[in-house]
Amino acid sequence: PGAARGSLLAAAEVLALDDEEEDLEVFSKDTSLAEVNSLSPSVPISPLSMINQYKFEDEPELRDLFITVDDPESHITAIETFITYRVVTKTSRGEFDSSEYEVRRRYQDFLWLKSKLEEAHPTLIIPPLPEKFIMKGMVERFSDEFIETRRKALHKFLNRIADHPTLTFNEDFKIFLTAQAWELSSHKKQGPGLLSRMGQTVRAVASSVRGGVKNRPEMFTEMNDYMETFSQKINVLDKIAHRIYKEEKEYFNEMKEYGPIHTLWSASEEDIADSLKGVASCIDRCCKATEKRMAGLSENLLPILHEYVLYSEILMGVLKRRDQIQGELDSKVDAIANKKAEKDLFSEEIGKLEDKVECANNALKADWDRWKQNMQYDMRSTFTSVAEKNLRYYEECLATWESFLASQTADLHVEEDSEDRP
Amino acid sequence: MEDCLAKKMEITVSEAEKRTGRNAVNMQETYTAYLIETRAVESQSEGQCAPVDSLWRRYSEFELLRNYLAVTYPHIVVPPLPEKRADFVWHKLSADNMDPDFVERRRIGLENFLLRVASHPVLCQDKIFYSFLTQEGGWKEMVNETGFQLKADSRLKALNATFRVKNPDKRFTELKHYSDELQSVISHLLRVRARVADRLYGVYKVHGNYGRVFSEWSAIEKEMGDGLQSAGHHMDVYAASIDDILEEEEHYADQLKEYLFYAEALRAVCRKHELMQYDLEMAAQDLTSKKQQCEELATGTVRTFSLKGMTSKLFGQETPEQREAKIKVLEEQIQEGEEQLKTKNLEGRDFVKSAWADIERFKEQKNHDLKEALISYAVMQISMCKKGIQVWTNAKECFSKM
């Protein structure tokens, strides 16, 4: 009969989701990560915090840089309103003048940091930043949920950089963590300006048209193929997870109304009033358990899947940049292919480009392996946690109904006994 | 309940069949016919099975039977029929009367109806009911010959009585309120239950999408592949499990629906009481006024305003002979009226007594049945939770191996 009725949510329908859902940001509730007083996130406070931290092959005890992002504050000026976050750093590293820093940063500053890191390490995988704003969503730009979600993502972003063997020693990163607001502003103004950065982008786009595909090592073609499929799948998973959350929410809403009807009914009954009230309380408890299950999704699965959606874009970008670097070498080599005489003239230049390509390839390869390992870990722990949450949900509901059933059948036995007596 | 038919005879509605035929205006129609099988219950020691008798009936014949019983036994809370059209559907269920699941649930409902009637101490003895079960041809004519339709009270009359009756038995008034409340709360419950079922279906089915994506993803993963693939399989199992779960819940909904319709039967008994009481009150009022008229004519005094009084004042009094004749007629009417009133009073008291006995029987049955239904609901929830635990335990293991 089920097959005949068919699934309302056949594959095609699930994937054809509303526009809204594509940009829907994640709602999240406050979790242990926001424990302001606990400034050393290295020691896992709870299983949840362990899962939410970006775990690395380095053991937590070997860490020497601890960062927290908290305390969002809004600032209103004549021109604009914006939010700053407090960034607290504790370190034992020699290259830091002090062992503790506290600064305030706004989203723009994080964007700056990311672009500096991309500039300095074009073929390293820079962690994702939360998106700038929601296109058309149900979340207000500065709602508490939006700010909290962003705060968590920013916290993760900085910690991932701190855990990265190369990025952690980046100079701009250090400045980001330690400089006072005015110092940061003046530092930002140095270095290649906006125009030159734009120029870089134009060059990059131009060279990508030709870029390094024909001489691409097999390994990177494999990576490309992998990322194309991975990107597809992770996007679908993201949509599925959001859909599940939505369905669970609608279920929760109906359940809220379901229990009280039984209580209402019990008011006009005598004999069965207790049974009705019992059912009402079971339904209410299951309702609360559903809420917990939903929270698990929104705190854990949804953010992680979203991050990996962003990661898949980042990785496609990294692969493209590697191709561009290779492309620079290839086009130079092509240009002097027929001019034996100029080969010598340009041999130094070509040598430099060859080095550049080799560095880029090695950096990417190492970071790729690292990324894959972490992805595996994240997926394993996230989905395991989802399964756990579902298990706990069903276990709680089971206990509730079993205890109701026990109370009812105990009554029945009592009634039967009393009927037997003369 | 030694006389109860249910103990002497096994009754089942075992099959349902689609038929086409011609209706009263010679138009072609499709309908479902139900096979009623009966078999006398032999004592165990004989070890022989009596032969099975069977005949086919359609829903409209069941309706005719019930109408007959309701009119003939107005003091009895007559068991209700399963719904004519699918109501309180959650969208996965077809609202079509020809839908096989609907037909199946109706078959069960009709069997339940027959068993209820057969185990009722009064109704089971009815000859028409017995013939319904055993006599294929000519049953409809037999029912119509009883002339029961003439005994039926008009709806309008009943409605009138509801508003005008002055001294109904308080217990019936309370019972009527109860039946209204019962009807309202059960409909509300069934509506929300249907919505909850709909949402639950959604939650389970979306998880089914994991299966395919995990499978496709596993193709590009070396180490995670196996875990993903097998987890996906469990998600498929999870998604598929909801169909059976909700099918079972439909039976629970049907049990509640029966009592939703029973509320109407309860109200019918209350209405009958109101009608009889109203009748009684009208008859008493009529008698009083006739007595008064008589007195006035006899004594010549006009105590109350009446048209007769006015016209006689205007057009002159009647002759003594005319007055005598009138008094005589009235005295006859008064005597008739007093006898009628006595009968009505007796009938009324009998009705209240026997109705109340059946209502007590019904209350016990209702409490027992509803309590069992709630217990069966709990059992269903427990089974659903256990299935969920199993699936997610398996899924968790697969995920942890990723």
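So, the contact between the two chains: chain A puts in 65 residues and chain B puts in 61. Keep in mind that this is a predicted model. Between them, chain A and chain B bury about 6200 Å², and 71% of that is on carbon and sulfur atoms.

Now, what about charges across that interface? The rule finds 9 salt bridges between chain A and chain B. Side chains of opposite charge can pair when their charged atoms come close. And if you count residue pairs in polar contact between chain A and chain B, with both residues at pLDDT 80 or more, you get 15.

Okay, over to chain B and its helix packing. Take helix H9, residues 225–299, and helix H11, residues 320–400, both in chain B: their axes come within 8 Å and cross at roughly 170°. An angle over 145 degrees counts as roughly antiparallel, so that is what H9(B) is to H11(B). In the contact of H9(B) with H11(B), we have 39 nonpolar, 14 polar and 15 charged residues.

H9(B) also packs with helix H8 of chain B, residues 170–218; here too the axes come within 8 Å, and the crossing is at roughly 170°. Parallel or antiparallel, then, for H8(B) and H9(B)? Roughly antiparallel to each other, therefore. The contact of H8(B) with H9(B) divides into 32 nonpolar, 13 polar and 12 charged residues.

Over all chains, the structure holds 58 of them. One I'd like you to look at is inside chain A: the side chains of Arg63(A) and Asp163(A) meet at 2.7 Å, N to O. This pair links distant parts of the chain, with the two residues 100 apart. Where do they sit? Arg63(A) is in the loop between helix H4 (47–52) and strand E1 (65–76), while Asp163(A) is in helix H6, residues 144–163.

How values were computed. Residues are numbered from 1 along each chain as its sequence is written. Chains are lettered from A and ligands numbered from 1 in the order in which they are written. This is a predicted model: local features need pLDDT of at least 70, side-chain atom pairs count only at pLDDT 80 or more; totals for chains, interfaces and linings use all residues. Side-chain values use heavy atoms; hydrogens and water are left out. Contact means heavy atoms within 4.5 Å. Buried area is the accessible area (1.4 Å probe) that two parts lose on being put together, summed over both. A salt bridge is a side-chain nitrogen of Lys or Arg within 4 Å of a carboxyl oxygen of Asp or Glu. A polar contact is a pair of N or O atoms within 3.5 Å; within protein, one must be able to donate a hydrogen and the other to accept it, and residues adjacent in sequence count only if both atoms are side-chain atoms. Axes are lines fitted to C-alpha atoms, for helices over the stretch in contact, and angles run from 0 to 180 degrees between N-to-C directions. Helices (H or I, at least four residues) and strands (E, at least two) are DSSP runs, numbered from the N terminus. Angles under 35 degrees count as roughly parallel, over 145 as roughly antiparallel, 65 to 115 as roughly perpendicular and the rest as oblique. Ala, Val, Leu, Ile, Met, Phe, Trp, Tyr, Cys and Pro count as nonpolar, Asp, Glu, Lys and Arg as charged, and the others, Gly among them, as polar.
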